[in-house]
Amino acid sequence: MKALVLAGGFGTRLRPLSCTRPKLLLPVANQPVIDWTLRSLAEHGVDTVVLAVNYMAEAMVRYLGPTKFNLGILYSREERPLGTGGPIRKAESFLRDGDPFFVLNGDVISDIDYSRLLEFHEEAGGLATIALYEVPDPSRYGAVELDGKGRVRRFVEKPRPGEAPSNLVNAGIYVLDPKVIDYIPEGRAVSTETEVFPCLAKEGQLYGFEFRGLWVDIGVPEDYLRANALLLERENGVKIGEGVEVDPSAEVLPPSIIGEGVKIGGRSVIGPNCAIADHVEIGVGCRVQNSIIFSGAVIGDFTSVKGAIIGENAMLERWVKIEEGAIIGDHATICDEVTLTRGVSVCPSKRVEESILEPRRVM
Ligand code: GDD
Ligand code: MG
């Protein structure tokens, strides 16, 4: 069984983190998003994955190479963005061998049972089946109306207030019959959600498979942090990598994960819900909670980080305060005694010497 993973979005809502890496290489519980997906596909009998890449394609190729978790990995490189449908058409020579295949939005983390989804698709007998997940607010997703037999009557992408037919949304995980490729125009960007699904729904060829469990689209910072917390919770407890030095007076609260070679100074309290990547250094008297700290970051003495994301090799000096929802780009420096309030984001390599007390982007 094959799977096509859409991995070419710009990740604009995750800037500045996505300025320096593709969205699918962002770490969740210390592992890139794409690893969680590939491992799960391999467990459900997928043998080959095509990654549809364009933005920062080479970073993906360098990270994954030709095989991982026993899967063969092929790359379909776009010269320009082809949307969510165009990449399926572009990879058609590979996908048209008669059997259905999976298509995935690469920025989704989920524990869906792909084997059950495939079974459902085969029993339903339509050309396409989309996995559906119930959310409180469907406005950021594609919402559907189902009939009593699991058939999708209507598909509405990014419904405006009052427009959503239900709270069941497209989870970005599909099984497609190769015939669906004929519904995708060639040679241009195509949106599966607005050009293909509505058409299949009208013809009665689109089915929906509802599932529960873990599902998060990591596309915006709050959800990225939420995905991290959910995966940490599943791992349960505190996981500590090799060569970690934690001062005996420091505490790591579950659930948290500490990567290799991390140093944590005296009286610091780390966790709950922290993913601290490899070779991070945390000084004395620090407080870090509900946060993602990328590799090589340095957190100086008496600094506090709450509900924030700190990029690779970023440097927080002493007595710094980083509040909920702040994002610090790679290699940025936040100087002594600076407070950055909720919603501030700092571009890569930037130096911030004064506190910022209202949400804004520091360029
Ligand atoms: N190769 C390639 N080329 N991939 C792309 C391109 C492109 O031009 N544009 C977007 N992608 C990838 C993104 O990287 C992401 O993995 C996936 O396609 C979906 O794009 P998003 O930009 O993340 O879309 P969304 O989150 O607003 O909405 C989509 O996902 C929701 C579920 O998470 C839609 O499919 C919604 O219907 C759905 O509910
Ligand atoms: Mg998305």
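Strand β28 (residues 315-316) and strand β31 (residues 333-334) run parallel and are joined by 2 bridges. Strands here are DSSP runs of E with at least two residues, helices are runs of H or I with at least four residues, and both are numbered from the N terminus. Two strands pair if DSSP finds at least two bridges between them. Within that pair, Leu-316 has Ile-334 in β31 as its bridge partner.

Before going on: this is a predicted model, where local features need pLDDT of at least 70, side-chain atom pairs count only at pLDDT 80 or more, and totals for chains, interfaces and linings use all residues. Residues are numbered from 1 along each chain as its sequence is written, chains are lettered from A and ligands numbered from 1 in the order in which they are written, and side-chain values use heavy atoms, with hydrogens and water left out.

Back to the strands. β28 and β31 belong to an open sheet of 7 strands, ordered β16-β19-β22-β25-β28-β31-β34, with parallel pairing. At its edges are β16 (245-246) and β34 (351-352), each pairing on one side only.

Another open sheet has 6 strands in the order β17-β20-β23-β26-β29-β32, and the pairing is parallel. Its edge strands, β17 (251-252) and β32 (339-340), each pair on one side only. Strand β29 (residues 321-322) runs parallel to β32, and 2 bridges join them. Ile-322 is the residue opposite Leu-340 in β32.

Now the ligand. Which residues come nearest to ligand 1? Of the 28 residues around it, they are Glu-78, Glu-157, Asn-170, Glu-193 and Asp-217. A residue counts as near if one of its heavy atoms lies within 4 Å. By class, this shell has 11 nonpolar, 9 polar and 8 charged residues. Ala, Val, Leu, Ile, Met, Phe, Trp, Tyr, Cys and Pro count as nonpolar, Asp, Glu, Lys and Arg as charged, and the others, Gly among them, as polar.

Next, polar contacts, meaning pairs of N or O atoms within 3.5 Å; within protein, one must be able to donate a hydrogen and the other to accept it, and residues adjacent in sequence count only if both atoms are side-chain atoms. A polar side-chain atom of Asp-107 is 2.7 Å from an oxygen atom of ligand 1. Polar backbone atoms also take part: that of Gly-142 lies 3.0 Å from a ligand 1 oxygen, and that of Leu-82 lies 3.1 Å from one.
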